[in-house]
Amino acid sequence: MKQRVLACTVVLVLAVLTLGTGARGAGAPVKNPDTFVTLRFGDPESLDPAYAYDTASAEIIYPNVYETLITFDGSVLSRYVPLLATQVPSLQNGLVSKDGLTYTFPIRKGVKFHDGSTMTPEDVRYSMLRFMLQDRDGGPSWLLLTPLTGKDSTRAGDGKFQVTYQDVAKAVTVQGDNVVFHLAHPYGAFLSIIAGFSFVMPKAWAASHGDWDGSPTTWQRYNNPKLQDRYAFDHMDGTGPFKLQTWDRQAKQVILVRSDNYWRKPARLARVVIRTVQEFGTRRLQLQQGDADLIDVNRPEQSQVQGMAGVTIHDDLPQLVLQALHFNFKIDATGNPDVGSGKLDGNGIPPDFFSDVHVRRAFAYAFDYGTFIRDAYRGKAVQPNGPIIQGLLGYDPSAPRYTFDRNKAIAEFKEAWGGKVWDTGFKFTLTYNTGNTVRQIGAQILKDVVESLNPKFKLDIRNMQWSQFLQTTNAHKGTLYALGWAVDYPDPDDFAQPFLASNGDYPKRNSYHNAEADRLVREGATTVDPAKRAAIYKQLTRIAYQDVPQLYVAQPVGFVVMRSWVHGWYYNPVFGGANYYPLYKE
Amino acid sequence: MIAFIVRRLLLLPLVALGVTALIFALLQFLTPAMRASLYITDPKQLNALPDIIRKYHLDQPVYVQYGDWLRQVLHGDLGWSETAREPVADAIRGFFPATLELAMYAFLCILALGIWLGTASAVNKDKLIDHLSRVTSISGASLPTFVWALLLLMVFYGHFGWFPPGRLSLDADLYVRSGKFHVYTGLMTVDALLNGQGWIFWDAVRHLVLPVATLTYYLVAVLVRITRSSMLETLRADYVRTAQAKGLPRRIVVDRHARRNALIPVITLASLLFIGLLSGVVITESVFNYPGIGRWGVGASQQLDIPAVTGFALIFAGLLVLGNLCADVLYAVVDPRIRLQ
């Protein structure tokens with residue numbers, strides 16, 4: 001009797017637990033139809049649009065919570081449609097001056113922020129000024145500073161301010177219902193930058209929460225903030241189709257909910273959940289079960305989702321992405337476990353280890369590019385010859401590139417640091433971001449080759465949570481690390497400046513400086529004639545080959561994996577992730 | 001017995017002090033700059049490491065440093081965790097209830113299943129159930145936790161869709177965050193019942209099934225073996241034979257006479273099992289994406305997040321000390337000889 005009761009209980013419990021469950025194949029009913037679940041392996045660094053400069057943060061910020069004055073016309077990067085402005089400036093409609101120095105944006109009326117306040121042209125101006133003046137190291141401020149002030153940072157190389165409040169104040173003005181941008185020099189890609197980086201937040205909201213209040217005298221106090229200094233780090237107040245409900249850093253989850261006061265028709269999705277799940281196996285199973293609608297898949301894992309019922313893979317997506325390995329010329333060794341002993345004694349590396357070009361060239365020859373592209377990308381990538389990649393003005397297919405050559409690698413190592421590197425050996429840790437199996441494979445390939453050249457060479461590999469990885473490398477603590485670059489706007493300046501200019505994202509992290517490169521990057525940004533620009537970027541490619549500040553290891557094509565019940569999705573290489581506004585599940 | 005318990009409780013601070021000394025000694029292998037992060041409670045301080053080294057005497061003799069560090073720990077300041085982006089103490093407070101819930105259910109399952117299977121094995125020595133329990137438990141102990149966890153996940157979630165990873169399903173998670181749900185204990189199953197939300201209770205149970213099964217399968221083997229041997233020994237004892245000779249039913253002899261004495265080594269083992277459980281949750285939480293202290297600990301150790309790892313070690317060491325104390329007390333309860341010594 002007792003056994004029967006027990007058996008019945010077990011059956012009952014199982015029946016209750018399994019009610020309504022089962023695998024979700026093709027044609028299965030849509031799970032959570034008004035909620036979209038995205039699983040990523042990287043976590044956002046910041047939700048502040050003037051601070052964030054990575055794909056995981058960008059997916060939340062734009063175009064889902066914050067909006068820009070104009071945006072791209074779907075997938076087409078050369079066409080724009082108005083968003084918070086009512087028209088796209090052009091020579092034809094007279095909103096771009098004939099000299100190409102003035103762009104006028106009529107600001108849309110009646111647009112509400114998520115806090116209920118109404119957007120004004122002054123909010124737009126404030127947001128642009130805040131974006132430029134906040135200017136954190138390795139941040140996005142250069143994108144507006146360069147065309148509007150002619151300088152790519154508010155600070156010079158010695159840390160002193162080189163941009164004044166007046167410089168930016170006169171560059172962005174309010175004229176009635178219009179916001180007018182006054183460029184320092186004609187810049188063909190300006191609309192493209194505005195389409196991607198003119199986020200608007202309410203001035204009153206920011207100021208009331210301890211942010212800069214727009215005063216000409218106080219902005220320097222808000223310049224170059226640390227990660228969590230600003231209220232906007234984990235709070236959002238935009239005009240977009242979704243508003244932030246919560247960013248739970250313990251659960252590693254962001255929840256966006258539909259803004260019912262959105263100035264356009266409200267989104268079809270009621271909410272978007274963006275969760276960090278570092279284990280690919282778990283992400284895959286959740287996609288298979290329909291508990292996730294879109295997941296991060298690295299190319300080596302693609303075969304595990306190929307042919308999965310109810311799942312669609314959008315493959316061969318053209319993208320302007322460059323994967324690279326970065327040398328830090330001046331490592332901050334303070335409390336840094338990745339430099340070992342901190343000396344060239346066989347158990348570590350000194351902070352300036354990579355400042356010797358022979359060391360960098362040795363690594364460049366020691367990387368097996370062909371194997372990497374075959375194993376990590378299943379062949380769906382090409383080897384770049386510099387930061388100016390295929391598809392950009394100034395790409396030079398005839399420029400030299402490093403090839404895998406063990407003998408040349410040995411020869412360079414023997415020359416490095418007067419032969420001491422070869423005699424004493426070294427040990428350090430190469431880092432990449434957790435969950436990125438492509439970079440893991442690249443790191444492993446390099447490790448295998450380098451350690452086989454000399455038994456005294458030791459190269460460890462360590463993965464780091466995305467947000468912490470960005471913070472660490474930005475704090476000059478990276479040694480040799482794997483990190484890529486995705487296009488902000490389709491112009492060679494967006495690759496030349498971040499990779500080769502002293503104030504660029506990577507040179508700043510890695511203390512790389514080349515005065516000629518700085519001059520050429522500046523010249524490339526201010527030159528209008530495409531032929532002359534192309535020549536400049538070809539020269540920069542040669543400098544990159546000579547100096548080897550990075551190893552340019554792959555330019556891949558992209559792919560995105562999602563449930564087949566997702567509709568309305570389109571690919572835009574500038575967005576950090578998906579535009580959730582047009583999406584629906586059916 | 002009270003005197004025994006009091007004596008054990010009096011020893012507790014000494015043991016705890018020993019644990020902190022051990023952890024602090026291990027920290028001495030790190031550079032002062034790396035140890036300085038233990039004293040940071042605000043990210044703005046990250047750029048002032050030299051000042052912190054001076055302030056907390058990290059370049060001073062070890063006993064001075066230990067005193068400073070211990071004072072800080074006693075005030076609940078465990079440093080700033082870069083991986084959690086909050087103070088370590090806050091992170092532990094946030095992650096711990098989920099782990100406690102998982103460990104609690106797993107521990108109960110291990111005890112219940114281990115004792116039941118061990119007893120059944122001994123009573124039915126060399127019969128089918130004995131062979132089956134031995135094969136099953138040994139295979140559980142032999143298979144790495146992550147393999148077993150992945151297998152369970154693939155079959156019961158990937159194939160059948162029954163038991164999902166994580167802590168709650170989307171609907172339940174949204175409800176818990178909606179403001180209509182009051183968090184009393186942080187234990188989702190308990191809070192769901194206290195809120196009168198039966199569906200959230202079942203949802204939490206569905207999410208606990210696979211991690212609990214993984215831990216149980218992994219750890220039950222030792223308990224089965226010990227219970228079986230102990231029961232076999234007890235069943236051969238004179239007093240058990242006498243009880244049987246008196247004509248008592250077999251069930252009563254086994255349940256009331258034999259098992260109670262056979263449980264003494266099992267109780268000792270329970271504290272060891274607790275240790276195994278704590279190491280088991282680290283892997284299990286990672287595979288099942290279960291937001292507990294184990295998953296956070298794995299991430300923190302990979303990122304070399306020293307304050308987080310130290311806090312993690314302190315909390316686990318504390319739990320072990322408490323587990324041992326519980327075992328000692330229980331030992332005294334079931335075996336009167338202990339009290340006399």
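Modeller: In this predicted model, S511(A) is found in the loop of chain A between α16 (505-510) and α17 (515-526).

Biologist: What is the phi of S511(A)?

Modeller: The general idea is that most residues other than glycine have a negative phi. S511(A) is not a glycine, and yet its phi is positive, at about 55°.

Biologist: How does one count the exposure of S511(A)?

Modeller: One counts the C-beta atoms around a residue: 20 or more within 10 Å make it buried, and 12 or fewer make it exposed. S511(A) has 19 C-beta neighbours inside 10 Å, so it counts as partly exposed.

Biologist: Which residue of chain B has a positive phi although it is not a glycine?

Modeller: That residue is D126(B), with a phi of about 65°. D126(B) lies in the loop between α5 and α6 (128-142) of chain B.

Biologist: Is D126(B) buried or exposed?

Modeller: D126(B) has 7 other C-beta atoms within 10 Å, and therefore it is exposed.

Biologist: Let us turn to peptide bonds. Which form does the bond from Y62(A) to P63(A) take, cis or trans?

Modeller: In general, most peptide bonds are trans. The bond from Y62(A) to P63(A), however, is cis, and its omega is near 5°. P63(A) belongs to helix α2 of chain A, which covers residues 55-65.

Biologist: How many helices and strands does chain A have?

Modeller: Chain A has 18 helices and 20 strands. Its radius of gyration is 25 Å, close to the 25 Å that the globule rule gives for 586 residues, so chain A is as compact as a globular protein of that length. The C-alpha trace spans about 80 × 80 × 40 Å along the principal axes of the chain.

Biologist: What share of the residues in chain A is buried?

Modeller: Buried residues account for 53% of the 586. Sequence separation gives another view of chain A: of the contacts between residues at least 6 apart in sequence, 70% join residues at least 24 apart.

Conventions:
Residues numbered from 1 in each chain as written. Chains lettered and ligands numbered in written order. Predicted model: local features only at pLDDT ≥ 70, side-chain atom pairs only at ≥ 80, totals over all residues. Helix = DSSP H or I, 4+ residues; strand = E, 2+ residues; numbered from the N terminus. Rg over C-alpha atoms; globule rule 2.2 N^0.38 Å. Contact = placed C-beta atoms within 7 Å.
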